[in-house]
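Please read the briefing below with the structure open beside you, and find each part in the display as it is named. The points are grouped by topic.

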Amino acid sequence: MSLPLSFYARPALTVARELLGAHLVVDEGGWRRVGRIVETEAYVGEHDLACHAAKGRTPRTEVLFGPPGRAYVYLIYGMYHCFNVVTDVEGVASAVLVRAVEPVEGLSPEARTDGPGRLCRALGLTLAHNRWDLASERLHLEAGRAVTEVEVERGPRIGVDYAGEWALEPYRLWVRGSQHVSRPPVRRRRERA
DNA sequence: TTATCGATGGTA
DNA sequence: ACCATCGATAAA
């Protein structure tokens, strides 16, 4: 069962929290792949200088200003893609970047799905999916194994140093202890056999 | 282990 | 010119 529109029609930070544990489903080409979300980042609106919408309405950012529950996918550094979920009410240009998932179905357990670029590569998400309605059969989210409050860890967003003070806001959320988070907070010691 | 560097193309 | 990244390589 797909998550309802009401799930997305909330502030980005709330959605970023609630997306932890949810399943991202891409079912195309006779191949269903599912990842459980373990890391997200909230981009809260036009006033958020880290948010692409801070540049105003452009062909690229238009989807952010539109209704919630749509995909915002963009190309970064010419070779990777980043997948976002558009949040909040129409007119509020906010979104949640999915930064990491853990393989659940249709992917090798060894597949690298840590990092926004790697997870898009693993799931086959490209610009072709930009602006898709997330109620789609082929691309949507479902409830997954829930993440409890004590498992939620927070910190500053990655790679947004250009955003000044906004780069310091703790809008990055991840599942404590997950082996699939893109940048673990503490360098854990090398596992021993 | 951390640090640096460059690939590569849409967007403005 | 810039970039919500990644992987290869170098340095330590």
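Predicted model: local features only at pLDDT ≥ 70, side-chain atom pairs only at ≥ 80, totals over all residues.

Sorted by class, the residues of the surface near DNA strand B divide into 4 nonpolar, 3 polar and 4 charged.

**The surface near DNA strand C**

- Around DNA strand C there are 21 residues, of which L97, G115, G117, G159 and Y162 come nearest.
- The elements that each give two or more residues to this surface are the strands β2 (31-43), β4 (80-87) and β5 (94-105), together with the helix α4 (116-123).
- By class, the surface near DNA strand C is made up of 12 nonpolar, 6 polar and 3 charged residues.

**The overall build of chain A**

- Chain A contains 4 helices and 8 strands, and, when followed from the N terminus, its elements run in the order α-α-β-β-α-β-β-β-α-β-β-β.
- The radius of gyration of chain A is 16 Å, close to the 16 Å that the globule rule gives for 193 residues, so the chain is as compact as a globular protein of that length.
- Along the principal axes, the C-alpha atoms of chain A fill a box of roughly 50 × 40 × 35 Å.
- Of the 193 residues in chain A, 42% are buried.

**The largest nonpolar core**

- The largest nonpolar core has 51 residues, and the members that touch the most other members are A12, V85, A95 and V96.
- The strand β5 gives the most to this core, contributing 6 residues.
- Which residues does V96 touch, if those up to four places away in sequence are not counted? The residues in contact with V96 are A12, V15, A16, L19, T40, E41, A42, N84, V85 and T87.

**Two residues with a positive phi**

- As background, most residues other than glycine have a negative phi.
- D88 is not a glycine, and yet it has a positive phi of about 65°; its place is in the loop between β4 and β5.
- Is D88 buried or exposed? D88 counts as buried because it has 22 C-beta neighbours inside 10 Å, and the cut-off for a buried residue is 20 or more.
- R131 is likewise not a glycine, and it has a positive phi of about 75°; R131 lies in the loop between α4 and β6 (139-142).
- R131 has 13 C-beta neighbours inside 10 Å, and therefore it counts as partly exposed.

**R157, a buried arginine in a loop**

- R157 is found in the loop between β7 (152-155) and β8 (172-175), and it is buried because 22 other C-beta atoms lie within 10 Å.
- Leaving aside residues up to four places away in sequence, R157 touches E41, A50, A167, Y171 and R172.
- From C-alpha to C-alpha, R157 and V15 are 16 Å apart in space, while in sequence they are 142 residues apart.
- E41 links two of the topics above, as it is among the residues that V96 touches and also among those that R157 touches.

Technical notes: Residues numbered from 1 in each chain as written. Chains lettered and ligands numbered in written order. Near = placed C-beta within 6 Å. Nonpolar A, V, L, I, M, F, W, Y, C, P; charged D, E, K, R; others polar. Buried ≥ 20, exposed ≤ 12 C-beta atoms within 10 Å, placed from the backbone. Contact = placed C-beta atoms within 7 Å. Core = buried A, V, L, I, M, F, W, Y, C linked by C-beta atoms within 7 Å. Rg over C-alpha atoms; globule rule 2.2 N^0.38 Å.
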